[in-house]
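Work through the exercises below with the sequence and the model side by side, and try each task before reading its solution.

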Amino acid sequence: MYLFSLGSESPKGAIGHIVPTEKTILAVEKNKVLLPPLWNRTFSWGFDDFSCCLGNYGSDKIIMTFENLAAWGRCLCTVCPTPTMIITSGASTVVCVWELSIAKGRPRSLHLKQALYGHTQAVTCLAASVIFSLLVSGSQDCTCILWDLDHLTHVARLPTHQEGISALAISDVSGTIVSCAGAHLSLWNVNGQPLASITTAWGPEGAITCCYVMEGPAWDTNHVIITGSQDGMVRIWRTEDMKTSVPGLTIPEEPSAQPPSPRGHRWEKNLALCRELDVSLALTGKPSKTSPAVTALAVSRNQIKLLVGDEKGRIFCWSAEG
């Protein structure tokens, strides 16, 4: 593990978004995301007047300010699936899909394409997959809603979680959805059916703050999930297929990923902890009770390096060989 420096372009606060490219690593602070595919522009929110801004990466220069978002209250989360689609949500409980108009390579305006209603409390996190045309919103009302990204319509609502949703991720290989509520980690298939779940830690310090799905080969039905927590720990999980008995071939109370076989068995996915990475221990050789929270995760394209951002604005890089 080593500390990665972005030089003059280092974020000025807690890391919110990390994008590893072929040549370098890009990162911005919380309340800011990088826009694909060039990642040279940023969309930022969280201002006192509820406005949002478009800017250049690595510069404080603002290209445009959008005041029309203020009508929807305080923005708490944003995701940008395409160069011209920006999705915001927050205190209003409404998920807003915006279209960014670009002419001759320059942004011109931002207009509301669709407002999506369904949550009853503030929306705290968003995740999107263009490949699966899927948008997932998570809220303080302990629910996640799946939306069709192409038609901007409601698809499904996941069963109620134990706490408000703190982090979401979608695999672009399998469409697997990861939802985190407090210290509870759950996996769902692209249709919203449960695959596996586990409580990753105990106490508020173990609450999950960010998550990431490792993208393996399409034929591999197992998944690697990475979570970052309030306690400064990075935990790596892997799903394992387990054969369980079904006494008397009774129908289980909770839906299973696969139906029982005629022989009275079924296969279920189980989440197993593979590795715990302690940032403080790796840096100083000593564990710390006051480690900064992990706030962002990313994996390099060749999947050799794990990138971890914390609330102090630092980025750490772990080699998969280690």
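Two exercises follow, each with a worked solution.

The model is predicted, so local features need pLDDT of at least 70 and side-chain atom pairs count only at pLDDT 80 or more, while totals for chains, interfaces and linings use all residues. Residues are numbered from 1 along each chain as its sequence is written, and side-chain values use heavy atoms, with hydrogens and water left out.

**Exercise 1.** Find the strand that holds Thr-88, and decide whether Thr-88 is buried or exposed.

**Solution.** Begin with the strands, which are DSSP runs of E with at least two residues, numbered from the N terminus; Thr-88 lies in strand E9, residues 85–90. Next, take the relative accessibility of Thr-88, which is 5%, and compare it with the cut-offs: buried means under 20% relative accessible area, exposed over 50%, and partly exposed in between, with a 1.4 Å probe and protein chains only. Thr-88 therefore counts as buried.

**Exercise 2.** Determine the order of the strands in the open sheet of 4 strands, and explain why E12 and E15 stand at its edges.

**Solution.** First apply the rule that two strands pair if DSSP finds at least two bridges between them; the order is then E12-E13-E14-E15, with antiparallel pairing. Strand E12 (123–129) and strand E15 (153–157) each have a single partner strand, so one side of each is left without a neighbour in the sheet. Finally, look at one pair in detail: E12 and strand E13 (residues 134–139) are joined in the antiparallel sense over 6 bridges, and Ala-128 stands opposite Leu-135 in E13.
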